[in-house]
Amino acid sequence: MTLASSTLPHAACPLCHTESVGMSDQAFAAGALWRCTTCGQTWTAERLAAVAGYEAWVAARASTAAVQS
Ligand SMILES: [Zn+2]
């Protein structure tokens, strides 16, 4: 991970964390599909962003709960 990387989701399977070898952020941004070679899930930039947004929501909830308890 470099500071020069874009704001697009990291191109790795959210389920099993397999790196999307051969898939660039630019390819995802162009609407390309990537099929995880480990778990078989098919990912697009939209799906990766949705998962990333959900994880951020869960993290925000967890931190809020920690403050309140
Ligand atoms: Zn996978």
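Student: How many helices and strands are there in the protein, and in what order do the elements run from the N terminus on?
Tutor: This is a predicted model, in which local features need pLDDT of at least 70 and side-chain atom pairs count only at pLDDT 80 or more, while totals for chains, interfaces and linings use all residues. Residues are numbered from 1 along each chain as its sequence is written. Helices (H or I, at least four residues) and strands (E, at least two) are DSSP runs, numbered from the N terminus, and the protein has two helices and two strands. From the N terminus on, the order of these elements is α-β-β-α.

Student: Among the elements, which has the highest mean pLDDT?
Tutor: The predictor's confidence in each residue is given by pLDDT, from 0 to 100, and for the protein its mean is 82, with 83% of the residues reaching 70 or more. Among the elements, helix α1 (residues 25-29) has the lowest mean, 83. The highest mean, 93, belongs to β2.

Student: How many contacts beyond four places in sequence does the model have for residues 4-9?
Tutor: Over residues 4-9 pLDDT stays under 50. Where pLDDT is low, the predicted coordinates should not be read in detail. Two residues are in contact if their C-beta atoms, placed from the backbone, lie within 7 Å, and for residues 4-9 the number of contacts beyond four places in sequence is nine.

Student: Why does W34 count as buried, and which residues does W34 touch, leaving out those up to four places away in sequence?
Tutor: A residue is buried if 20 or more other C-beta atoms lie within 10 Å of its own, exposed if 12 or fewer, and partly exposed in between, with C-beta atoms placed from the backbone. W34, in strand β1, counts as buried because 22 C-beta neighbours lie inside 10 Å; of the 69 residues of the protein, 10% are buried. Its C-alpha atom is separated by 9.2 Å from that of A11, 23 residues apart along the chain. Not counting residues up to four places away in sequence, W34 touches S20, M23 and W43.

Student: Is H17 buried or exposed, and what is its phi?
Tutor: H17 is found in the segment before α1 and is exposed, because 11 other C-beta atoms lie within 10 Å. Most residues other than glycine have a negative phi. H17 is not a glycine, although its phi is positive, at about 65°.

Student: How far apart in space are A52 and P14, C-alpha to C-alpha?
Tutor: A52 lies in helix α2 (residues 45-68) and counts as partly exposed, because 14 C-beta neighbours lie inside 10 Å. Among contacts in the protein between residues at least 6 apart in sequence, 30% join residues at least 24 apart. A52 and P14 are 38 residues apart in sequence, and their C-alpha to C-alpha separation is 8.3 Å.
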